[in-house]
Amino acid sequence: MLSLKPYLKLCLLITAFQIAGCQKNTNQDVLEQSFYHNVEGVTEQKLHPEYWIAKATQPSKVIMSAEKINEFNALQFQSKEYLTDPLTYPSTMVGTEVTALIKEISKPSKYDRFYPDGTKLTQAHYQPYLDEMALDKISAEQTIGFALVTKRAVMRMLPTLDRVLNSGMDYDIDRFQETAAFPGEALAILHTSKSGEWMFVQNYNYRAWIQTKHVAVGEKADIEKFKHSKDFLLITGAKEFTTFNPYDESTSEVQLDMGVTLPLISYEDFEKHELDRLNPYTGHIVQLPTRNADGTLTIKPSLIPRSADVNIGYLAHTKENIIKQSFKFLGERYGWGHDFNARDCTGFIGEIYKTFGFLMPRNSGQQGNAEFGENIRFDKQDPINTKMPKLMSMEAGDLVYLPGHVAMVLGYDDKPFLIHDVHGLGYHNSKGEKISGILNGVSVTPLLAFESYLKGIYNIKKIR
């Protein structure tokens with residue numbers, strides 16, 4: 001018969017841990033204690049937004065007004081460098097132009113690529129993907145369609161869900177994955193694949209292949225009306241969901257990520273006291289795009305519970321809100337190109353800034369090289385000591401760019417601290433020891449310990 005003593009000891013330990021956990025938000029001594037991990041300088045208190053808000057200067061001061069943010073977006077769309085309004089596409093395009101746009105994204109990689117089982121891709125492996133693209137079916141005068149996204153969907157380099165890795169065989173990074181599209185986003189449809197299961201589309205900051213089942217085709221005028229609604233509900237949580245609906249699967253528990261906006265329906269305009277056998281007064285009534293069996297668009301009323309983390313209209317652009325929004329992703333797994341139902345470094349930044357009304361370029365290089373905001377740029381050959389004065393003057397919400405990565409400044413605690421969605425871990429600790437490993441999620445880290453970061457920083461961008 002097994003002794004109960006080890007289990008009793010375990011229960012006592014768990015209880016003690018739970019008590020300490022309950023006290024952590026009120027007991028400053030506990031907050032200031034370090035806890036065991038391999039990221040030097042991070043204590044329990046630094047994993048709470050309130051700590052950094054208290055350190056920020058004028059945390060509640062509005063940085064940019066709604067009017068200025070609209071001007072910010074308009075200038076980016078006007079430049080057409082990285083952002084494109086899909087609804088400005090013409091109703092037809094020259095077929096060769098469409099083909100060229102697809103080939104910019106969709107082509108065999110010049111680098112070695114491997115399936116997860118170790119098989120190296122050859123031209124024979126690529127050929128079915130190229131055949132599915134059906135470029136030979138593009139008309140001399142190609143008709144352009146318009147649509148709304150109905151469910152969160154991956155956007156792919158080629159029309160396939162096959163996972164493909166680099167020579168390092170890092171399963172976390174699928175080299176066919178580009179980004180994601182979210183419910184309510186407008187799309188221009190440039191082409192449909194051979195099987196009809198994929199569409200090559202343009203959203204506001206990317207072109208790639210999307211699964212047809214997540215797209216509802218509609219009239220451009222209807223989509224414009226939907227997108228330009230003045231009264232809308234903003235998703236401010238990391239992920240929220242529409243209310244479960246046993247009568248209509250298309251509106252039931254639809255995932256809505258941070259930054260998604262949906263037009264609001266007022267209770268007066270709705271006029272009923274029932275929606276799918278639920279009284280709507282305990283929720284927000286929104287217009288939700290849904291896909292009919294024939295692929296066409298129907299916009300239906302749907303409910304989002306009042307308990308959800310949402311806001312009517314955009315949040316005020318303040319340091320306090322920037323910090324609060326960033327911490328809502330803390331601990332979420334890293335997802336290259338929005339893989340794993342998550343996001344990567346630029347997705348993390350983009351979704352946070354969407355809650356204030358900003359629209360950002362898709363890739364870190366595009367964001368870092370773009371001229372928007374105030375930019376403090378460095379040359380590759382600049383030594384670290386020339387960067388230090390600028391690094392020590394950063395403020396909460398500033399964005400730090402290095403090749404292939406972007407991080408957000410939280411503030412200072414003897415040294416600058418960042419919050420970012422980051423894959424790897426490698427730095428030298430205070431003893432000079434090299435620490436390497438993995439973060440693979442949204443993490444808080446000190447900046448100065450990461451020498452490779454310091455060497456690589458080429459821009460500090462202030463969005464103001």
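Predicted model: local features only at pLDDT ≥ 70, side-chain atom pairs only at ≥ 80, totals over all residues.
**Overall build**

- Taken along the principal axes, the C-alpha atoms fill a box of roughly 65 × 65 × 60 Å.
- The chain holds 13 helices and 22 strands, counted as DSSP runs (helices are H or I with at least four residues, strands are E with at least two) and numbered from the N terminus.
- Of the 464 residues, 50% count as buried, where buried is under 20% relative accessible area, exposed is over 50% and partly exposed is in between (1.4 Å probe, protein chains only).

**A three-stranded sheet**

- E13, E10 and E16 make an open sheet in the order E13-E10-E16, with antiparallel pairing; two strands pair if DSSP finds at least two bridges between them.
- Strand E13 (261-263) and strand E16 (310-312) are the edges, and each has a single partner strand, so one side of each is left without a neighbour in the sheet.
- On average, neighbouring strands here are turned by 25° against each other, direction ignored; the axes behind that are lines fitted to C-alpha atoms (for helices over the stretch in contact), and angles run from 0 to 180 degrees between N-to-C directions.
- Strand E10 (residues 232-235) pairs with E16 over three bridges in the antiparallel sense, with Leu234 partnered by Asn311 and Ile235 by Val310.
- E10 also pairs with E13, again antiparallel and over three bridges, and there Phe232 has Pro263 as its bridge partner.
- Both faces of E10 are covered: Phe232 and Leu234 are buried on one side, Leu233 and Ile235 on the other.

**Largest pocket**

- The largest pocket has about 1,200 Å³ of space. Pockets come from a 1 Å grid over the protein atoms alone: a pocket is an open set with protein on both sides within 12 Å along at least five of seven lines, a cavity is a set of points where a 1.4 Å probe fits but cannot get out, and lining residues have an atom within 4 Å of a point.
- Grid points are joined across faces, edges and corners, and a volume is the space filled by probe spheres set on the points.
- It is lined by 44 residues, and Glu178, Tyr206, Trp336, Arg362 and Asn363 are the closest to its centre.
- Helix H5 (95-105), E5, H10, helix H11 (364-369) and strand E20 (416-428) each supply at least two lining residues.
- Its lining splits into 16 nonpolar, 15 polar and 13 charged residues, with Ala, Val, Leu, Ile, Met, Phe, Trp, Tyr, Cys and Pro as nonpolar, Asp, Glu, Lys and Arg as charged, and the others, Gly among them, as polar.

**Second largest pocket**

- The second largest pocket has a volume of about 1,000 Å³.
- Of its 39 lining residues, Lys227, Thr261, Tyr314, Gly357 and Leu359 are the closest to the centre.
- Helix H4 (66-79), helix H7 (220-227) and E13 each give at least two residues to this lining, and H4 gives the most, with six.
- By class, the lining has 23 nonpolar, eleven polar and five charged residues.

**The cavity**

- The count comes to one cavity of 30 Å³ or more, and the largest cavity has a volume of about 100 Å³.
- The largest cavity has 16 lining residues, with Tyr204, Asn205, His338, Glu351 and Arg362 nearest its centre.
- Strand E5 (177-181) and helix H10 (345-354) are the elements that give two or more residues to this lining, and H10 gives the most, with five.
- Five nonpolar, seven polar and four charged residues make up the lining of the largest cavity.

**Thr43**

- Thr43 is in the loop between helix H2 (28-32) and helix H3 (49-55), and it counts as buried because its relative accessibility is 9%.
- Thr43 and Glu219 are 176 residues apart along the chain, and their C-alpha atoms are separated by 53 Å.

Note on methods. Residues numbered from 1 in each chain as written. Heavy atoms only, no water.
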